[in-house]
Amino acid sequence: MIVTASLAVKKATASIPLVMVAVGDPVGTGLVASIARPGGNATGLTSIAPELEGKRLELIKEMVPTVSRLAVFWNPANAYQIADDNEVQAAAAVLRIPLLPLAVRAAEDLDGAFAAILAERADAVLVLADRVFLHNRERIVGFLVRNRLPAMNAYRELVEAGGLMSFGPSYAVMHRQAATYVAKILRGAKPEDLPVEQPVKFEFVVNLKSAAALGITVPPAIMLRADEVIE
């Protein structure tokens, strides 16, 4: 987990500069004092963006207007996802989408989550951003495909593996942007004075082959907004 690794480095040294990349909640987890004035020896880029989960739910509703219960894969061991889950619940209340929260802390919890989806008859899935889900994407997508479940994913890798769609920050852009922080620090800037950067580039990826297998006709508005279409 990126947050865990960053916290371990910060705990190990208070003097060596730390440039973090795609950390979920650097303030809430204690990595920095604030986004604008980090303080200490850490700065870099966060994957937090205002209303990100609301946007994901809006896209689910637009792609699958008939969704009657949305299963949500989240990891309560991930400090950022506590706030993330609250945002999902708030957005779902506005859109009137009943939720089935599925707490998955490790790969061993996946079978229980799969069973709950089938037992509770969830008809769509939201997979939040956590390394447990990224590292087990083949297993998760395999379940989704076998059971003909449309899913919105935080990571594009799940769409590349056969999932329906993803929306989130461009991690490639964030990793490249991290190099500018390193360059500034090498030129004498102090991490405490470099504001933490929030995502500026987002990617919406749609897998048309998966949509066809699910019997979903992708709305023209979705096609126009997609940054990438996998055929």
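Tutor: A residue counts as buried when its relative accessible area is under 20%, as exposed when it is over 50%, and as partly exposed in between, all with a 1.4 Å probe and protein chains only. The model is predicted, so that local features need pLDDT of at least 70 and side-chain atom pairs count only at pLDDT 80 or more, while totals for chains, interfaces and linings use all residues. Residues are numbered from 1 along each chain as its sequence is written, and side-chain values use heavy atoms, with hydrogens and water left out.

Student: What makes R69 and E120 a salt bridge?

Tutor: The term requires a side-chain nitrogen of Lys or Arg within 4 Å of a carboxyl oxygen of Asp or Glu. Between R69 and E120 the closest N and O atoms are 2.9 Å apart, and the pair forms a salt bridge. R69 sits in the loop between helix 2 and strand 3 (70-74) and E120 in helix 4 (residues 110-120), so the contact ties together parts that are 51 residues apart in sequence. The whole structure holds eight salt bridges.

Student: Why is R69 called partly exposed, and why E120?

Tutor: R69 has a relative accessibility of 24%, which places R69 in the partly exposed class. E120, at 39%, is likewise counted as partly exposed.

Student: How do you know that D111 and R139 form a salt bridge?

Tutor: Their closest N and O atoms are 3.0 Å apart, and the pair counts as a salt bridge. The partners belong to distant parts of the chain, with D111 in helix 4 and R139 in helix 6 (residues 137-146), 28 residues apart. D111 is partly exposed because its relative accessibility is 49%, and R139 is partly exposed with 33%.

Student: What makes the contact of E203 with R156 a salt bridge?

Tutor: The N to O distance between these side chains is 3.5 Å, and they meet in a salt bridge. This pair, too, links distant parts, E203 lying in strand 8 and R156 in helix 7, 47 residues apart. Salt bridges with shared partners join R156, E160, E203 and E228 into one network.

Student: Why is strand 7 said to pair with strand 8?

Tutor: Pairing requires that DSSP finds at least two bridges between two strands. Strand 7 and strand 8 are joined by five bridges and run antiparallel, with P169 having F202 in strand 8 as its bridge partner. Strand 6 (residues 151-153) pairs with strand 7 in the parallel sense over two bridges, and here N153 has S166 in strand 7 as its partner. Strand 7 is mostly covered, since five of its five residues are buried.

Student: What makes a space a pocket or a cavity, and how much space lies in the largest pocket?

Tutor: On a 1 Å grid over the protein atoms alone, a cavity is a set of points where a 1.4 Å probe fits but cannot get out, whereas a pocket is an open set with protein on both sides within 12 Å along at least five of seven lines; lining residues have an atom within 4 Å of a point. Grid points are joined across faces, edges and corners, and a volume is the space filled by probe spheres set on the points. The largest pocket has about 200 Å³ of space. Of its 16 lining residues, Y155, R156, E157, P169 and Y171 are the closest to its centre. Strand 7 gives the most to this lining, four residues.
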